[in-house]
Amino acid sequence: RKEVEQDPGPFNVPEGATVAFNCTYSNSASQSFFWYRQDCRKEPKLLMSVYSSGNEDGRFTAQLNRASQYISLLIRDSKLSDSATYLCVVSPDEKLTFGTGTRLTIIP
Amino acid sequence: GAVVSQHPSRVICKSGTSVKIECRSLDFQATTMFWYRQFPKQSLMLMATSNEGSKATYEQGVEKDKFLINHASLTLSTLTVTSAHPEDSSFYICSAISLQGPSYEQYFGPGTRLTVT
């Protein structure tokens, strides 16, 4: 079983729609959780950290369910520039474990 | 924000040769740097953790004699792929943790695309 599992997609979503991604992780000792985005052939960039209480950053909302060991990301009012691969990342310490990513394409 | 550079950005080499990739933190000192490898349509896989002045810690399945890591200063780590083979062709990305910043925040370099012919 992979340490971090994500639906690889692709998700093709019309502009303005809301889209949600989920991710599950196997290491119950994980302490930190993140969503990164990665554009084609580029390095990953931190989108947001994920906290147990849930957190929001503009159009992006992240949720963490420790009991079920899953993390979610919600994108509202999607923009063309949101097209990317979204990587779920968990960390028991300073090391990061990446999911394979979910490919999102926003369609005009 | 903190900037990490990698050089070269792209390299093509012949099978059997060695390739050195540099990772530099440009505006901060890095206690720890990490080296990742990403094959097409796959996740980033951590290869090794590099601490300044000490030996790197390699992840299971990563050959330390093949992937030589040197972390000579707080701003520079190098990864040398020795006796490269076509199956080593991949996207190599480094990241760094700032001395001053939170330990969980890694700053990624732009990556080096290695093609071994």
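This is a predicted model: local features need pLDDT of at least 70, side-chain atom pairs count only at pLDDT 80 or more; totals for chains, interfaces and linings use all residues.
How many salt bridges does a search of the whole structure find over all chains? The count is 7.

**Figure 1. Strand S8 of chain A pairs with strand S3 of chain A and with strand S7 of chain A.** S3(A) spans residues 19-25 and S8(A) spans residues 70-75; the two run antiparallel and are joined by 6 bridges. S7(A), residues 60-65, is also antiparallel to S8(A), again over 6 bridges. A:Ile71 of S8(A) is the bridge partner of A:Cys23, and A:Ile71 also stands opposite A:Leu64.

**Figure 2. S7(A) and S8(A) form a hairpin.** The turn holds 4 residues between the strands. One of the turn residues, A:Gln69, has a positive phi of about 55°. In a regular strand the side chains alternate between the two faces of the sheet.

**Figure 3. A salt bridge joins A:Asp82 to A:Arg59.** The N to O distance between the two side chains is 2.8 Å. The pair links distant parts of the chain, with the two residues 23 residues apart. A:Asp82 belongs to the loop between S8 and strand S9 (84-91) of chain A, and A:Arg59 to the loop between strand S6 (55-57) and S7 of chain A. Buried or partly exposed: what is A:Asp82? A:Asp82 is buried, because its relative accessible area of 2% falls under the 20% cut-off. A:Arg59 has a relative accessible area of 22% and is therefore partly exposed.

**Figure 4. A salt bridge joins B:Glu59 to A:Lys95.** Here the side chains meet at 2.7 Å, N to O. Why does the pair join two chains? B:Glu59 lies in the loop between strand S6 (57-58) and strand S7 (67-73) of chain B, while A:Lys95 lies in the loop between S9 and strand S10 (97-98) of chain A, so the contact runs from one chain to the other. Both ends are partly exposed: the relative accessible area is 22% for B:Glu59 and 27% for A:Lys95.

**Figure 5. A salt bridge within chain B links B:Arg24 and B:Glu22.** Their side chains meet at 3.4 Å, N to O. B:Arg24 counts as partly exposed at 33% relative accessibility. B:Glu22, with 24% relative accessibility, also counts as partly exposed.

Terms used: Residues are numbered from 1 along each chain as its sequence is written. Chains are lettered from A and ligands numbered from 1 in the order in which they are written. Side-chain values use heavy atoms; hydrogens and water are left out. Two strands pair if DSSP finds at least two bridges between them. A salt bridge is a side-chain nitrogen of Lys or Arg within 4 Å of a carboxyl oxygen of Asp or Glu. Buried means under 20% relative accessible area, exposed over 50%, partly exposed in between (1.4 Å probe, protein chains only).
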